[in-house]
Amino acid sequence: MKTHLSRRFLLATAAALSLSLSGNLLAQSKTELLVYSALEADQIKAYEEAFEKAHPGIDLKFVRDSTGIVTAKLLAEKANPQADVVWGLAATSLMLLDKEGMLMPYAPKGLEAVKPAMRDPRPQPTWVGMDVWASAVCFNTVEAAKKNMPLPKSWADLTNPAYKGHISMPHPASSGTGYLMVSSWLQMMGEDKGWAYMDALHENMGSYTHSGSKPCRQAGAGEYPIGLSFEYRANKTKKDGAPIAIVLPSEGLGWDMEATAILKTTKKADAAKALADWAVSRQANELYAKNFAVVALPGIQEKLEFIEGDVEKMLAKNDFTWAASNRERVLAEWSRRYESKAEKR
């Protein structure tokens, strides 16, 4: 009897050990990709799960922060890059990395279907767009009524003295959303009028935040009745029940693209290319379309339920080369003028 039990015990132990070893070997056989990203935290999970289901041999490890912070981190690590892939960072930021020779040219499978305006135009691009995010104004109707503040309809309206101290917007050095606003104002109005506009807007500013989403969340909570943000966060904030009106300013919307790129120094090129391929796929674009009104593949985007009008037609003219090459100069001037109201880190 004891011999029989011992034999059963040994067989069970051997089976468990075999399963454990198989599990360890399977885990060891997976490739881990380090992904730097400025994707919204509440978007990453769905994207990550869909990719890993399609590629069970690859695990994604994310380092996520605001656009300006991720860009600065990548540039600071230029001598010893840590990331394998950048997935969901402003195209203007990727153009800076490309200028520094940090990106791998790669034409992902399915590239021919991507809208020409949403990719590096070279045959072997160093970045490919995913979606467009565009500026929007979140306006708390309840708090505004208490303060007798009118609903703004344009960028110019935001200089109304009635809004003094009641506006927040993203800091352009920390946030891609902040920079796309500043860049678009300078391009739309010309530099002299653009800086004059921002001088007037600064008089009404309560705080410059270090997040593109935060001003809309602040507006939703009534902390600052007016928050300059972007259309995804505006739509989600209203969908979650905040008493906001969403304003798409009549002069045109500042915008940038979230895009994907591979670091030239990656030692996991095959896995990185698999992610770049998937990032331009129809499946990926259908996920992007749940969050953004404009995506890289035509015929996929859906109308966001609380965003009125055709966002793609409202996008202001945007010279990405100008925005990227003038970024350092513009940010230095912006900081000289307006840093006094920046949110403490």
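**Salt bridges, helices and loops in a predicted model**

User: How many salt bridges does the count come to?

Analyst: The count comes to 20 salt bridges, where a salt bridge is a side-chain nitrogen of Lys or Arg within 4 Å of a carboxyl oxygen of Asp or Glu. This is a predicted model, in which local features need pLDDT of at least 70 and side-chain atom pairs count only at pLDDT 80 or more, while totals for chains, interfaces and linings use all residues. Residues are numbered from 1 along each chain as its sequence is written, and side-chain values use heavy atoms, with hydrogens and water left out.

User: OK, which residue does D120 form a salt bridge with?

Analyst: D120 pairs with R122, and the closest N and O atoms of the two are 2.7 Å apart. D120 is buried, with a relative accessible area of 4%, whereas R122 is partly exposed at 39%; buried means under 20% relative accessible area, exposed means over 50%, and partly exposed lies in between (1.4 Å probe, protein chains only).

User: And R329 with E191, what parts does that pair tie together?

Analyst: The side chains of R329 and E191 meet in a salt bridge with 2.8 Å from N to O. R329 lies in helix α14 (residues 327–338) and E191 in helix α7 (residues 191–204), so this pair ties together parts that are 138 residues apart in sequence. Helices here are DSSP runs of H or I with at least four residues, strands are runs of E with at least two, and both are numbered from the N terminus. R329 counts as partly exposed at 41% relative accessibility, and E191 is also partly exposed, with a relative accessible area of 27%.

User: What about K236, which side chain does it meet in a salt bridge?

Analyst: K236 meets D240, with 3.0 Å from N to O. K236 is partly exposed, with a relative accessible area of 25%, while D240 counts as exposed at 57%.

User: Which residues are linked in a network of salt bridges?

Analyst: E40, D42, R64 and R233 are linked in such a network. Two of these residues, E40 and R233, are also touched by S213, whose contacts include S229 and F230 as well, not counting residues up to four places away in sequence; contact means heavy atoms within 4.5 Å.

User: Where is S213 found, and is it buried or exposed?

Analyst: S213 sits in the loop between β6 (205–209) and α8 (214–221), and S213 is buried, with a relative accessible area of 2%.

User: Switching to N148, where is its place?

Analyst: N148 is in the loop between α5 (141–146) and β5 (167–170), and N148 is exposed, with a relative accessible area of 67%. Its phi is near 55°, a positive value in a residue other than glycine. Most residues other than glycine have a negative phi.

User: Now helices: at what angle do the axes of α2 and α10 cross?

Analyst: The axes of helix α2 (residues 41–54) and helix α10 (residues 269–279) cross at roughly 115° and come within 11 Å. Axes are lines fitted to C-alpha atoms, for helices over the stretch in contact, and the angles run from 0 to 180 degrees between N-to-C directions. The contact is made by Y47, A50, F51 and A54 of α2 together with A274, L275 and W278 of α10.

User: How many residues of α6 are buried?

Analyst: Helix α6 is mostly covered, with 11 of its 14 residues buried, among them Y179, L180, M181 and W185. Helix α6 (residues 176–189) reaches 20 Å from its first C-alpha to its last, close to the 20 Å expected at 1.5 Å a residue, where the expected span is 1.5 Å times one less than the number of residues.

User: Last one, how many helices and strands does the protein chain have?

Analyst: The protein chain has 14 helices and 10 strands, and its C-alpha atoms fill a box of roughly 90 × 50 × 40 Å, taken along the principal axes. Buried residues make up 53% of the 345 residues in the protein chain. Among contacts between residues at least 6 apart in sequence, 75% join residues at least 24 apart.
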